[in-house]
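Here's a quick tour of a protein model, from the whole chain down to a single side chain. Have a look at the structure before reading on.

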Amino acid sequence: MNSLKKRRELGLFQALIIGLGGAIGIEVFVLLNVAIRQAGYTIVLVLLVCGLVNLLTMLSFSELGAAVPEVGGEYSYAKAAFGGFLAFLTGWLRWISNVFGAALAAIGFSLHVLLLAQTSLSPLDQSLLVAFLSVSVIAALAALSIRGTKQIGTTIVVAFIAVFLVFIAAGIWRGLEPRPFLPTDLKQSSGFITAITYSFLMFLGMRAIASGSATLKNPGKNIPRAIVLSAIMLIVLYSGIAYVTISTVSLEELANPDVLPLTLAAEKALGKVGGYVLTVAGVVAALSSLSTSMMVQSSIARGLSRDGYFPKFLLSTHKRFGTAHLAIIFGSVFYILFAATGVVEFIGSVAVFASLLGFALVNFSLLRLRMKKPYMQRPFRVPLYPYTPIAGIALSFILLLFIDPSAFSLGIAFIGLGVLAYYLRMVGHQRIRIAFGGMSLGIGFSIALLTYLIEIGFLLPLSIHQQFRIAVIYVLVVASTVSILAGALNIMSKI
Amino acid sequence: MKFKRIAVTFFGIVQEIMGVLAVVFAYILYYNVLEVRANLGLLPENVSIYLLLLFVFGFVSFINGLFLFYQRLENGGSSVS
């Protein structure tokens, strides 16, 4: 990862815009709906707790961002603190979180586009088609040139905030129903914590302030102010949106999975135009989030590739446009694959799983760096150290317990893949290759023995149709021959 | 050398396809598509062991094929900046 020496020229306002811009995206349009369904009327408290939990780790991000001003974010912090496996794991988790974040954006895009355009396709086909098209178009744009996408960022943030403020004002004008804030029974308490995990991604983008800390004037003062102000503004904004939604939409309507509560609430508060504007805002947010995730994903993939964990071909740049086209296409295959599931809750949960583990590792990095390099220059220091990072770690692990089990399992499987990739690099590509060559050779000989046993009638019963028996034998002979020859080729490769 | 390069590419691709087909066949077996269990005379209580064997075979084949294909990519792949 390259060191960057940038001029400190951005003030508090710009830092605030960076934080809000990073956080406000498609997550508000899709995950807030899921969180409202889970939490019901307690959603406002959910958002308050979620904002505060995020704030704890954002402070750690800020200290590390100012002390280690290098490209790579969490990966660079963990590399400075631990190096080795934990640094790789942090980068790997960030990559997973971005891939699933992009898949979520593609699903969000399809949900909102399908609201605008009524077609005769089945809902599943529609989702698949739109998710595929959105990823392909954005990937093509990003692979050809990314200049335009950066310039429209601030405008989009301001437009989103304006749309949300009009929505909240219209809801207040219409008259809000008083709702209970606190969970009343155990079932509601469980939904309350699950809703925190879904809302988590809505605040995550605040870390952009820490990433941009190298360019901030007076980081010791501006970083904590920008972080705290962003968190407060986001809590107020999201709570306002959520409160207007639960005041406007009934519990029966919320329970309907085909309804997007935010859009329905906008229709009720502002008429058809309101619903239309919010849907268009959802489409823009999805494209913006998809584009950002794509750029971040390609940057992490290239970083991991440069350090030998990902294939080297990802470092290739387009001859004409100078973009990381192969890294973008590589990530896009995964976006389409996961977006094709069309399940917001599942995809969102995997992204949260990776982000929560990443948060814990960032806090661990802070603790380690404070012990390892106590005299390191730190323009900003986390208040109430060591309680703040320890609380951040504890809360991350507590929230992990409430992640959807299937998403949790997939997250663990991805970590397993990461460990395999790391092991490949450490043990050496060549040795693993020879090991797999040996396994293939062994399997090939086993299949040959199996074929012989079938041929003499020892394994497959003689009662089965003769044509089936011959077909099975042919398939096994081909499998055995290919396995033996391919295994031998891998074993005989140059050491 | 040219013969070896062709062999590496060919067996790499064939083995990857075999790996994928093994996993596809495991799914066919699991869902008993076209009464495949009865046609092959497989007992339902043994299906799980066949699935395990097919998945192991599919995984090893795919990874082994990937190593061969990766060698082809590294030797004749695109330029790296």
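This is a predicted model: local features need pLDDT of at least 70, side-chain atom pairs count only at pLDDT 80 or more; totals for chains, interfaces and linings use all residues.

## Surface and overall make-up

As for secondary structure, chain A has 21 helices and 0 strands. The chain runs to 495 residues, and 53% of them count as buried. If you take the contacts between residues at least 6 apart in sequence, 81% of them join residues at least 24 apart.

## Two helices that cross

Now zoom in on a helix pair. Two packed helices are described by the angle between their axes and the distance between the axes. In chain A, helix α2 (residues 26-39) and helix α12 (residues 219-248) have axes that come within 11 Å and cross at roughly 55°.

Which residues do the touching? From α2(A) come A:V28, A:L32 and A:I36, and they meet A:Y238, A:I241, A:A242, A:T245 and A:I246 of α12(A). Sorted by class, this contact has 7 nonpolar residues, 1 polar and no charged ones.

## A serine inside

Last stop: A:S365, which sits in helix α17 (residues 344-372) of chain A. Is A:S365 buried or exposed? Its relative accessible area is 1%, so A:S365 is buried. Setting aside neighbours within four places in sequence, A:S365 is in contact with A:L64, A:Y77, A:A78, A:A81 and A:F82.

Definitions and conventions. Residues are numbered from 1 along each chain as its sequence is written. Chains are lettered from A and ligands numbered from 1 in the order in which they are written. Side-chain values use heavy atoms; hydrogens and water are left out. Axes are lines fitted to C-alpha atoms, for helices over the stretch in contact, and angles run from 0 to 180 degrees between N-to-C directions. Helices (H or I, at least four residues) and strands (E, at least two) are DSSP runs, numbered from the N terminus. Contact means heavy atoms within 4.5 Å. Ala, Val, Leu, Ile, Met, Phe, Trp, Tyr, Cys and Pro count as nonpolar, Asp, Glu, Lys and Arg as charged, and the others, Gly among them, as polar. Buried means under 20% relative accessible area, exposed over 50%, partly exposed in between (1.4 Å probe, protein chains only).
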